[in-house]
Amino acid sequence: MTDFAAIDFETANECPSSVCSVGIVTVRGGEIADRFYSLIHPEPEYYQWFCRRVHGLGPEDTDAAQVFPYVWEKIEPLIQGLPLVAHNARFDECCLKAVFRVYRMDYPDYVFFDTLGASRRHFGHSLPNHQLQTVAAACGYDLVQHHHALADAEACARIALEIL
């Protein structure tokens with residue numbers, strides 16, 4: 001796979017629609033072509049302690065951020081015609097569909113590929129686990145800002161270039 005967009009969401013709470021940040025890394029011809037990151041005003045707009053502990057974001061970061069439809073207007077042209085890739089794609093696809101529903105936006109049936117499943121097939125039991133940072137390291141990428149949406153999207157893109 002040489003043309004795709006790696007995507008990663010962070011959420012504010014247990015609701016999949018509560019995306020509070022997004023990272024996108026577009027790959028064309030096997031090379032990273034573009035990177036995009038944005039904070040997002042989440043819906044519903046409250047933060048659970050466990051989510052804050054994971055990614056470190058809170059209302060002080062996103063109160064002034066744009067809501068999802070305005071952020072997606074910037075993303076859509078970057079990913080047009082590309083399949084989406086995510087590590088544990090079920091989570092990111094669920095978030096994307098949920099936030100599209102909340103804002104009553106027409107969902108264009110994006111095609112998702114999953115680097116988590118690909119890692120399990122490719123590496124099998126040779127890794128201690130198939131977490132993003134473990135798989136990234138096995139693919140020669142040092143993920144230093146885990147749970148920052150752009151850093152995670154870039155790690156996912158590097159994994160996809162190696163094993164998809």
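Trp72 is buried, at a relative accessible area of 1%; buried denotes under 20% relative accessible area, exposed over 50% and partly exposed in between, computed with a 1.4 Å probe on protein chains only. Phe100 likewise counts as buried, at 2% relative accessibility.

The model is predicted: local features need pLDDT of at least 70, side-chain atom pairs count only at pLDDT 80 or more, and totals for chains, interfaces and linings use all residues. Residues are numbered from 1 along each chain as its sequence is written, and side-chain values use heavy atoms, with hydrogens and water left out.

**Aromatic pairs**

Rings of Phe, Tyr and Trp (its six-membered ring) pair if their centres lie within 6.5 Å; planes under 30 degrees apart are stacked, over 60 edge-to-face and the rest tilted. The count comes to 7 aromatic pairs. Two of them are tabulated below.

| Pair | Centre to centre | Angle between planes | Class |
|---|---|---|---|
| Phe68 and Phe100 | 5.7 Å | 65° | edge-to-face |
| Trp72 and Phe100 | 5.7 Å | 80° | edge-to-face |

Phe68 belongs to helix H3 (residues 68-79) and Phe100 to helix H4, so their pair ties together parts 32 residues apart in sequence. Trp72 also lies in helix H3, so its pair with Phe100 in helix H4 ties together parts 28 residues apart in sequence. Helices (H or I, at least four residues) and strands (E, at least two) are DSSP runs numbered from the N terminus. Ring pairs link Phe68, Trp72, Phe100, Tyr107 and Tyr110 into a cluster.

**Pocket and cavity**

On a 1 Å grid over the protein atoms alone, a cavity is a set of points where a 1.4 Å probe fits but cannot get out, whereas a pocket is an open set with protein on both sides within 12 Å along at least five of seven lines; lining residues have an atom within 4 Å of a point. Volumes are the space filled by probe spheres set on the points, which are joined across faces, edges and corners.

The largest pocket holds about 360 Å³ of space. Of its 17 lining residues, Asp8, His87, Asn88, Phe91 and His147 lie nearest its centre. Strand S1 provides the largest share of this lining, 4 residues.

The whole structure has 1 cavity of 30 Å³ or more, and the largest cavity has a volume of about 30 Å³. Its lining includes Asp8, His87 and Cys156. Helix H7 (149-163) and strand S1 (4-11) each supply at least two lining residues, and H7 gives the most, with 3 residues.
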